[in-house]
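Visitor: Could you take me through the cavities, a few buried side chains and the backbone exceptions of this model, reasoning each step from the coordinates?

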Amino acid sequence: MRMITGVVCRVRVLILIVASVLGTRSHAIDFAHEVVPVLRAHCVKCHGGDEAKGGFSLNTRKLFLEGGAAEPGDAKESHFLELIASADIDMQMPPKDLPRVPAEQRRILARWVNEGLPWTSGFTFRENSYVPPLLPRQVNLPGPVGLNPIDQILRKHFKEAGLVPPKPVDDSTFLRRVSLDLVGLLPTQEQRRRFLASENANKRQVLVDDLLGRDVDYAEHWLTFWNDLLRNDYTGTGFITGGRKQISKWLYRSLIENKPYDQFARELIAPPTKESRGFIDGIKWRGEVSAGQTVEIQFAQSVAQSFLGINLKCASCHDSFIDQWKLTDAYSLAAVYSNRKLDIHRCDKPTGEVATPAWLFPELGSIDAGLSPDARLKQLADLMTDHRNGRFARTIVNRLWAQLMGRGIVHPLDAMHTEPWNEDLLDYLANALVESGYDLKSVLRLIASSDVYGAESAVLGSGADADEDVFGRRRAHRMTAEQFMDAVWQLTGGGPSKIDAPVIRGKMDPDAAEGMDLKGEWIWGQSQSQGKPAPAGETLVFQTELRVPSAIETAMAVITVDNAFDLYINRKKVLSGAEWSEPGVVSLTNWLKVQKNDTVPANQIMVVARNAGSGPNLAGLFFQAQLKLKNQSMITLASGPQWTYSDEKQIQRKARSGKFEGPWKKVVSSGRPAVYAGVNGKLRSGLARGTLGDSTMVRAGLVKSDFLMRSLGRPNRDQIVTSRPAELTTLEAIDLSNGETLAKALQTGAGKYVDAGLPDQELVEQIFIASLTRSPTSDELAVCLDALKTTQRQDVEDVSERETVVQDLLWAILMMPEFIMVR
């Protein structure tokens, strides 16, 4: 009762805090649309570009603050606002011969200052003379030969900048860093022991190769990065109404297979199947939407941002204030996707012009406006991945560099028109990607194997200049919400038991697929007896039962129907399909029930199968499930003569039990006709894909976001996200200190450690090594042992007090910056 009361109190406090914030907060100031026009109209003439009258320049936020005229967060102490409002003709700004700043615009500037002077990263009023190259550019490495090419380039960079290269980190730090960066998991104690004991001079390179070779761990970690970049998720806006489709199955397989990046992009821009189409189709918002929120404009914004590092949001409403892109550029790209006439709107008002399909870099080729939308998308995909389009490769390697090194070579990541701090490094990485056959892992391997990656990191404090242009070393970065939760679940064993992503975990073993025995037969109803074709439009319901005597380790099923199907397990819809040549593959582990005795009803397997066509034609259903139980016994369930069927129109559902009743008849089996032999390979492959059992930890990137993950920065993915916030928020502090989700995981973990019965010092050592990949210092050990000593009193009758102390110990370590940061 005490625990429930505590939870209720925490919820009430949280509601009061959120209500207070929502009740008092107005919308955040829009720097590009509200502030920039005011400054450009009244201030830039004298204090922007090449002008800095009075020694004051507002070209960048840094120069603005160095001028001493503004105090972020305090409009009353900001001198430039006094000058703007002054009636003294000798003091007022702009000077007396220029128009005054209207009162409404002064209020905008005051709000801007009070909100901390937010500034679009990378924006400057200085005229940008840098023109980013489009074509690839070859880089001559400065040497010495044999050194990682990144280190060759950066050795020259450090020398020219007058910087001392950072020193290498110790092996424990490197192990934790590279494990979290490449596969998103803490290294195990056994992995740490082996790595530290190794005397191989190339053991860091070997470690990088081993990590990148863990295909499942790699895919399930990088899924987070790609879900953010491709605005893909498992729940959220648009899914309930059908206005949004996941690409999760396609994305997971693409990462598992390490699909070449050019092919990856082509399949997103010009989808060969429905599985990857959700990216370009965006979100169909309910009701009336502005011209800048249509699916066509979303397409232009998504393609430009994800693949080219171009932010077209401003240019989707009007000519951009912050770069060279025009309204017509955004609409022309949108028209490539559009299947209707696309009227151009400026600030949501029609201009009377109609957009012509085109893309952003016509010097590489053009789009034929006379082609169908699908054909135009194919042209766009070819242009995007053309080897001459250096912007395509530069954009993704810049993102990968930022993921591992804490900041892009070009910053911000979606402002690829900005000059990189080292053009040679950016171009070398882009060329290396192309030369590798667009192998993303090869770029990650190159970065993670460099001396600069394995060297000391900079930890930026609150006063650090986040826009510093001179690279000195890798920047430590916060764990993502998913990395943090994975680490917590690794330590505690308190993670969820099932995933939400509609994917089959694991990687298919080709040898296992080749040896998979297909036992199912193609079946249909009596309408197809004696070789007759089935009527077009016929819909039949097939059923069978399955008893599972003990716990399941893996359970995979494949199903296909000529022409379409819905699969139900225990009266719950599990899978649908409408293309017989692409069999459905599904894990049944979480859908099947165990029948430990005869009183427990068997699992009911039901398939609603539909035959299409305009006249009588061949129809069929194939199903096979392969179960491996935890006692290592195997069960196979396959379609065949033992199945029964009924016409859909004759089926009745019992109101109370939910069971279906009807005149069930014997099916007609046609064996395995030659006409369907073409899918046998896919059926075998599907059955071989269930390589991960229930014992494999569920990864946070495979489950829906919850309150804790959202407070830790996981976005809702209604928009593309290329970098997450690094700042601690009030909500995050509340959830980490008093949230139920974390508390439950820590409680589970404390129980696990206490049940192990370890001596105090060994327990502390184990927790520190598991979480920080190092042993505790003497001071840390002393504090922990002192806390645990109170649980060894003879008057302690149960383990609850010891579990509480261990739970507090786990929490204290999780809150350490050393744990939260990937250093």
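**Cavities, buried residues and backbone**

Guide: In this predicted model, the second largest cavity holds about 70 Å³ of space.

Visitor: How many nonpolar, polar and charged residues are in the lining of the second largest cavity?

Guide: The lining includes Leu 230, Phe 239 and Ile 247 as well as Arg 231, Arg 244 and Lys 245, and Asn 232, Gly 278 and Gly 282 are also among the lining residues. By class, the lining of this second largest cavity divides into four nonpolar, three polar and three charged residues.

Visitor: Which helix supplies the largest share of the lining of the largest cavity?

Guide: The largest cavity has a volume of about 80 Å³, and its lining comprises seven nonpolar, one polar and four charged residues. At least two lining residues come from each of α18 (390-405) and α19 (423-435). The largest share is three residues, and the helix that supplies it is α19.

Visitor: Where is Pro 412, which a cis peptide bond joins to His 411?

Guide: Most peptide bonds are trans. The bond between His 411 and Pro 412, by contrast, is cis, with omega about 0°. As for its place in the chain, Pro 412 lies in the loop between α18 and α19.

Visitor: A cis peptide bond also joins Gly 143 and Pro 144; in which loop is Pro 144 found?

Guide: Omega for the bond joining Gly 143 and Pro 144 is about 0°. Pro 144 is found in the loop between α6 (103-114) and α7 (149-161).

Visitor: What is the relative accessibility of Arg 571, the residue with a positive phi?

Guide: Most residues other than glycine have a negative phi. Arg 571, found in the loop between β7 and β8 (572-577), is not a glycine and yet has a positive phi of about 70°. Arg 571 counts as partly exposed, because its relative accessibility is 33%.

Visitor: Why do the buried residues of α25 line one face of the helix?

Guide: In helix α25 (residues 730-738) the buried residues are Glu 732, Asp 735 and Leu 736. An α-helix has 3.6 residues a turn, so residues three or four places apart point the same way. What covers the buried residues of α25 includes α21 (481-492), α26 (740-755) and α29 (800-814). Seen down the axis of α25, its buried residues line one face because they fall within an arc of 95°.

Visitor: How far apart in space are Phe 819 and Ser 771, C-alpha to C-alpha?

Guide: Phe 819, in helix α30 (residues 817-820), is buried, with a relative accessible area of 0%. Ser 771 is among the residues that Phe 819 touches, together with others including Phe 484, Leu 491 and Leu 772. Phe 819 and Ser 771 are 48 residues apart in sequence, and their C-alpha to C-alpha separation in space is 6.9 Å.

Note on methods
Residues numbered from 1 in each chain as written. Heavy atoms only, no water. Buried < 20%, exposed > 50% of the residue type's maximum accessible area, 1.4 Å probe, protein only. Helix = DSSP H or I, 4+ residues; strand = E, 2+ residues; numbered from the N terminus. Arc of directions from axis to C-beta. Contact = heavy atoms within 4.5 Å. 1 Å grid on protein atoms, 1.4 Å probe; cavity = no way out; pocket = protein on both sides within 12 Å on 5 of 7 lines; lining within 4 Å. Points joined across faces, edges and corners; volume = space filled by probe spheres on them. Nonpolar A, V, L, I, M, F, W, Y, C, P; charged D, E, K, R; others polar.
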